[in-house]
Amino acid sequence: MSSPSRTEILGLFRSLLKTARKFPDYNIREYMKRRTIDGFRQNSKLTDAPSVSSAFLDANSQLEVAKRQAVVYTLYAPPIKSVMEIKSTS
Amino acid sequence: MQSAGTGIRLFRSSWKLAEKCRNSTPALSIIDHGETVKKNPNILGAFGMRSFSQVAYSPATFIDNEEVTRRVMELLKSKPFIDPSKVSPTASFEDLELDILDSAELMMAVEEEFAVDIPNEDSDKMATTAQVIDYIAAHPQAK
């Protein structure tokens, strides 16, 4: 299994962040954004090909999970928005 | 069974398209900027409906440069990984000490701020603040 290219990794990063946007729940959105940024930053220091590949595959499977969950969450979106989403009128 | 479902979906989408054509008025009003002209795809023909010869106009809304600059500056200053004192319309991403992940994160924030979708190739090419400002100012769907 060849290790992923730079563009692939960037593409995966972006896909994860784009999927994060689809969640109606504020908490999950923010968590997903934080987690992808932290995860990618942590793993940016990896150098050997097998660990890079395994991290990439890991992230890919998480992306699949997130995509499915985004669909499910939108089906059952709560009507009440989180307090963090109330735009202040100051 | 599959094709019936696709058939129904096609019908619905073409119905919505037909509604849009009926309701939209061609823009005879003062046009400052160019318009993006969308031609109807020929789905309507497939269902025996007369394909409408009128086209659906959607006015292209370009945001002017000063507003784009102001909003991009604010966005950059609000980011925790960017030093606000270094932010300027001429700063490059290197000046701001952005690594590749930071740049990607920044482009995502720009996408959200201006409600546009920037394809990956365009995102990768961005290397300075000025490029971002020019891209958004030239994007017809930016809000």
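**Pockets, interface and cavity**

Analyst: Nine charged, six nonpolar and one polar residue make up the lining of the second largest pocket. The model is a predicted one, in which local features need pLDDT of at least 70 and side-chain atom pairs count only at pLDDT 80 or more, while totals for chains, interfaces and linings use all residues. Residues are numbered from 1 along each chain as its sequence is written, chains are lettered from A and ligands numbered from 1 in the order in which they are written, and side-chain values use heavy atoms, with hydrogens and water left out.

User: What makes a residue count as charged, polar or nonpolar?

Analyst: Asp, Glu, Lys and Arg are charged; Ala, Val, Leu, Ile, Met, Phe, Trp, Tyr, Cys and Pro are nonpolar; the others, Gly among them, are polar. K33(A), K79(B), E105(B), A109(B) and E112(B) lie nearest the centre of the second largest pocket, out of 16 lining residues. By that rule, Lys and Glu are charged, so A109(B) is the nonpolar member of these five.

User: Why is something called a pocket and not a cavity?

Analyst: The search runs on a 1 Å grid over the protein atoms alone: a cavity is a set of points where a 1.4 Å probe fits but cannot get out, whereas a pocket is an open set with protein on both sides within 12 Å along at least five of seven lines, and lining residues have an atom within 4 Å of a point. Points are joined across faces, edges and corners, and the volume is the space filled by probe spheres set on them. One cavity of 30 Å³ or more is found.

User: Which residues line the largest cavity?

Analyst: V72(B), L76(B), F93(B), L106(B), V110(B), T129(B) and V132(B) line the largest cavity, and its volume is about 30 Å³. Six of its lining residues are nonpolar, one is polar and none is charged.

User: Which helices supply the lining of the largest pocket?

Analyst: α1 (6-21), α2 (26-43) and α3 (49-75) of chain A and α4 (100-114) of chain B each give at least two residues; helices here are DSSP runs (H or I, at least four residues; strands are E, at least two), numbered from the N terminus. The lining holds 30 residues, with T36(A), G39(A), F40(A), N43(A) and A59(A) nearest the centre.

User: How do you know that chain A and chain B are in contact?

Analyst: Contact means heavy atoms within 4.5 Å, and 13 residues of chain A meet this with 14 of chain B. The buried area (accessible area, 1.4 Å probe, lost on putting two parts together, summed over both) is about 1,300 Å², of which carbon and sulfur atoms give 55%. R14(A), R21(A) and R41(A) supply 45% of what chain A buries against chain B.

User: Why is the pair R41(A) and D102(B) called a salt bridge?

Analyst: The rule asks for a side-chain nitrogen of Lys or Arg within 4 Å of a carboxyl oxygen of Asp or Glu. R41(A) and D102(B) are 2.6 Å apart, N to O, so the pair qualifies. The side chains of E111(B) and R21(A) also meet in a salt bridge, at 2.9 Å. E111(B) lies in α4 of chain B and R21(A) in α1 of chain A, so this pair joins two chains. Six salt bridges are counted between chain A and chain B.
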